[in-house]
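Please look at the chain slowly, from its overall plan down to single residues. The paragraphs below follow that order.

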Amino acid sequence: GESFKLVSDRLELVHRGLGEMQHLATGVGDLKKVLSNVKTRGTLGEYRLESILEQILAPEQFGKNVATKPGSRDHVEFAIKLPGRGDREAFIWLPLDSKFPQEKFQHLLDAYDHADPAAIEEATHELERAVKLSAKDIRDKYLDPPHTTDFGIMFLPFEGLYAEVVKRPALLEALNREYHVNVCGPSTLAAFLNSLQMGFRTLVIEKRSSEVWSLLG
């Protein structure tokens, strides 16, 4: 009787564990559905980008949903305020836009899983085309020197996607040369923003120093 009770208890635990696994599988399916929605994916990338900006920059150092081209209806997700050239321009915008070509990236991962060289090559070309189209979109909609910098930042919200792009030097060169767009992932964007922050601090010190010299004069 005790043995049967022990077996029954163990079976109940197994059954409960299977129920939890089914619940988890349902959650994974829900996440897949979420990521299959283009608008939701865009919101996810935008949220990650905003989170990094808020952690490193002060609120007055960047803007959200900015029309970087005067008179344009196209609004970039985020833009960083950089010091202007001379006295006539208080600042210029550096556009940042998040992109997540999820379908192309998933096709490439599936090709890697099946170890199919032909499928890998085709998926690679698809991903490169999608990235170039995103870069063209940034260039045409948001770059407008001297109101903006002569380059923009494409933010790829996942390190795996970023790694796939940067390991192709020819693609990076084309993005820089043809579209004037630099690519950043979460870690590299943080490093880039930290370097900008140091530049901001240097400018503040220079401004305060000039004010002190003026006062002494």
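How many helices and strands does the chain have? The chain has seven helices and five strands, where helices (H or I, at least four residues) and strands (E, at least two) are DSSP runs, numbered from the N terminus. This is a predicted model, in which local features need pLDDT of at least 70 and side-chain atom pairs count only at pLDDT 80 or more, while totals for chains, interfaces and linings use all residues. Residues are numbered from 1 along each chain as its sequence is written, and side-chain values use heavy atoms, with hydrogens and water left out.

If you follow the chain along its sequence, the elements come in the pattern α-α-β-β-β-α-α-β-α-α-β-α. Of its 217 residues, 34% count as buried; buried means under 20% relative accessible area, exposed means over 50%, and partly exposed lies in between (1.4 Å probe, protein chains only). The chain exposes about 13,700 Å², and carbon and sulfur atoms supply 58% of that area, as computed by the Shrake-Rupley method with a 1.4 Å probe. Among contacts in the chain with a separation of 6 or more, 64% are accounted for by residues 24 or more positions apart, a contact being heavy atoms within 4.5 Å.

Next come the helices and their packing. Two packed helices are described by the angle between their axes and the distance between the axes. Here the axes are lines fitted to C-alpha atoms, for helices over the stretch in contact, and the angles run from 0 to 180 degrees between N-to-C directions. Angles under 35 degrees count as roughly parallel, over 145 as roughly antiparallel, 65 to 115 as roughly perpendicular and the rest as oblique.

How do α3 and α4 lie, parallel or antiparallel? The axes of α3 and α4 come within 8 Å and cross at roughly 160°, so these two helices are roughly antiparallel to each other. Their crossing is left-handed, a word used if the near helix is turned anticlockwise from the far one by less than a right angle, with right-handed used if it is turned clockwise. On the α3 side the contact is made by K104, F105, H107, L108, A111 and Y112, which meet A119, I120, A123, T124, E126, L127 and A130 in α4. These residues divide into nine nonpolar, two polar and two charged, where Ala, Val, Leu, Ile, Met, Phe, Trp, Tyr, Cys and Pro count as nonpolar, Asp, Glu, Lys and Arg as charged, and the others, Gly among them, as polar.

Helix α3 (residues 102-114) also packs with helix α5 (residues 159-166), their axes coming within 11 Å and crossing at roughly 80°, and α3 and α5 are therefore roughly perpendicular to each other. F105, L108 and Y112 of α3 and G160, L161 and E164 of α5 make this contact, and they divide into four nonpolar, one polar and one charged.

Helix α4 (residues 117-142) packs in turn with helix α6 (residues 169-179), at an angle of about 25° and with the axes 10 Å apart, which makes α4 roughly parallel to α6. The crossing of α4 and α6 is right-handed. In α4, E128, V131, K132, A135, K136 and R139 meet L171, A174, L175, E178 and Y179 in α6, a set of six nonpolar, no polar and five charged residues.

Now turn to the loops. T68, in the loop between β1 (62-66) and β2 (76-83), counts as buried because its relative accessibility is 2%. Leaving aside neighbours within four places in sequence, T68 is in contact with V76, A79, W93, P95, K141, Y142, H147 and T148. T68 and D144 are 76 residues apart in sequence, yet 7.2 Å apart in space, C-alpha to C-alpha.

Most residues other than glycine have a negative phi, and most peptide bonds are trans. A115, in the loop between α3 and α4, has a positive phi near 50°, and this residue is exposed, with a relative accessible area of 59%. H180, in the loop between α6 and β5 (181-184), has a positive phi near 55° and counts as partly exposed at 38% relative accessibility. Finally, a cis peptide bond with omega of about 5° joins P145 and P146, and P146 has its place in the loop between α4 and β4 (152-155).
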